[in-house]
Amino acid sequence: MVRPFSTRAWLRLILAGGILYGGGAAAVGFVLLTSPEIFRHPAASTVVAVFTGLCALGLFALPLLVSPLTLRRSAPVLGVVANLLSTLIVTAGIASAGPDFGSLVAAAYIEAPLFAMYMLRRRWAVLIAVLALVGFALVLAVQDGWEAPLGRWVFLLASVGATSVLMGVIAERADRLAESEHALAVELAGMNHTLEERVDAQVREIERLGGLRRFLSPQVADAVLSGDAEAIMRPHRRRIAVFFCDLRGFTAFTNSTEPEEVVDVLDEYYGAVGGLLQTYDATVGGYAGDGIMAYFGDPVPHEDPAQAAVEMTVELRQGMGAAVENWQRRGYDLNYGVGLTFGYATLGVIGFDGRYDYTPLGGVVNLAARLCAHAGPGQVLLDHSTHAATTSQFPSEHHADLDLKGYPVLTKVYTLADLRPEARSATL
């Protein structure tokens, strides 16, 4: 029956109705006191004025006596009763005022359909407008003294019709706006809910990734969480550059030094090497005490793995050079050695239930470990493939043909030139 107003809108309509009733009662009362002779039935007009004033007081008191929830639940009945009362009050007022003052009172008939068209659904609003017009027609029919009663009724009919159409259009637009706002609110709530779920899922994924990054290389952790993880984890061949690095004199150092000092040295060592491995997107293959194995080109492909490995090692010399000087000042006979190789390896997941590692397998890995073991203090040894791929930018020279364990023939080995200023000065 009633349009879907909010509680605040209903309070405004109730207050507007109270002001309308109160203003009408005050106007009739003022005329009764100043010019009672205008009214054909002053006593009846007084009753109408008093009843209208009581209706106004009731509307003003309603929000104070009834809870907002009850007010909204009783809105349909309240809306119809208020509009019917408006029709009856104005009909009685016109009948009691008579033709001399009735024309002015008749103008108030516009108010009933105005509120009806705004508050009620169309069929109920039309019913109120019809009742108003029928009531005015009955007054014109039973009461004498009206001049041109048909003309007056037609004039009022046109006024009521125009007002009804105008308020109906306004009310329908208000309905569409309210429905649009409601639809937008529902859509926004759905989007917020979906966004919250997506954010929660992403936060959980970040937490999972953060946990994996503590134990796996970032590249491997990303591959595990990616959609094509199974394809990446399956054994496959790829050309990679392998980096091996360990400390010289570390075994003797651990046998003669307190564990806390050993941990401090390892923290400094892993900090220098690990930071560069992350900077150059190297994949850490494993740790073994003071030994670190890493590789370039998998699971994230690299355009030039050998170039990246050598470039990182050149930068590593600066950081490790400072660390070695610090260790020697503290009385630690420590240094480092590096082995670099470039070639094809088979990569994939190996291990057992409860513990798996993603690692490269093949001769290129074994050779890097052998070169690292033969490297002297601060020395970087390269195989022939790494030398050929990088010597144009990072000069390297023949070191020796080594008889390495597991290799039936001598292996041609190269050493990376030290490009640091102090190394060039020492050479000169």
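A: Contact means heavy atoms within 4.5 Å. By that rule Ser96 touches Phe39, Arg40, His41, Ala44, Ser45 and Val48, not counting residues up to four places away in sequence. The model is predicted: local features need pLDDT of at least 70, side-chain atom pairs count only at pLDDT 80 or more, and totals for chains, interfaces and linings use all residues. Residues are numbered from 1 along each chain as its sequence is written, and side-chain values use heavy atoms, with hydrogens and water left out.

Q: Why is Ser96 called buried?
A: Buried means under 20% relative accessible area, exposed over 50%, and partly exposed in between, with a 1.4 Å probe and protein chains only. Ser96 has 4% relative accessibility, so it counts as buried. Ser96 is placed in helix α4, where a helix is a DSSP run of H or I with at least four residues, a strand is a run of E with at least two, and both are numbered from the N terminus.

Q: What makes Phe101 a buried residue?
A: Its relative accessible area is 14%, so Phe101 is buried. Phe101 is in helix α5 (residues 99-106). Leaving aside neighbours within four places in sequence, Phe101 is in contact with Val31, Ile38 and Phe39.

Q: Why does Ala125 count as buried?
A: Ala125 has a relative accessible area of 0% and is therefore buried. Ala125 lies in helix α7. A separation of 8.9 Å is found between the C-alpha atoms of Ala125 and Gly168, which are 43 residues apart along the chain.

Q: Why are α4 and α7 called roughly parallel?
A: Axes are lines fitted to C-alpha atoms, for helices over the stretch in contact, and angles run from 0 to 180 degrees between N-to-C directions. Angles under 35 degrees count as roughly parallel, over 145 as roughly antiparallel, 65 to 115 as roughly perpendicular and the rest as oblique. Helix α4 (residues 75-97) and helix α7 (residues 122-142) pack at about 15°, with axes 10 Å apart. That angle makes α4 roughly parallel to α7. Their crossing is right-handed; the label applies if the near helix is turned clockwise from the far one by less than a right angle, and left-handed if anticlockwise.

Q: Which residues make the contact of α4 with α7, and what are their classes?
A: Asn83, Leu84, Thr87, Thr91, Ile94 and Ala95 in α4 meet Ile128, Leu131, Ala132, Gly135, Phe136 and Val139 in α7. By class there are 8 nonpolar, 4 polar and no charged residues. Ala, Val, Leu, Ile, Met, Phe, Trp, Tyr, Cys and Pro count as nonpolar, Asp, Glu, Lys and Arg as charged, and the others, Gly among them, as polar.

Q: How do you know how α1 is directed relative to α4?
A: The axes of helix α1 (residues 7-34) and α4 come within 12 Å and cross at roughly 15°. That makes α1 roughly parallel to α4. α1 passes α4 in a left-handed crossing. Trp10, Ile14 and Tyr21 in α1 meet Ala75, Leu78, Gly79, Ala82, Leu85, Ser86 and Ile89 in α4. The classes are 8 nonpolar, 2 polar and no charged residues.

Q: What makes α12 and α13 roughly antiparallel?
A: Helix α12 (residues 259-279) and helix α13 (residues 305-329) pack at an angle of about 165°, with axes 10 Å apart. The two are therefore roughly antiparallel to each other. The crossing of α12 past α13 is right-handed. Among the residues in this contact are Val265 and Glu268 of α12 and Met312 and Glu315 of α13. The contact has 11 nonpolar, 1 polar and 2 charged residues.

Q: Why is Asp281 called exposed?
A: Asp281 has 53% relative accessibility, so it counts as exposed. Asp281 lies in the loop between α12 and β2 (283-288).

Q: What is noted about the phi of Asp281?
A: Phi of Asp281 is near 55°, a positive value in a residue other than glycine. Most residues other than glycine have a negative phi, and most peptide bonds are trans.

Q: Which peptide bond is cis, and what is its omega?
A: The bond joining Asp298 and Pro299 is cis, with omega about -5°. Pro299 is in the loop between β3 (291-296) and α13.
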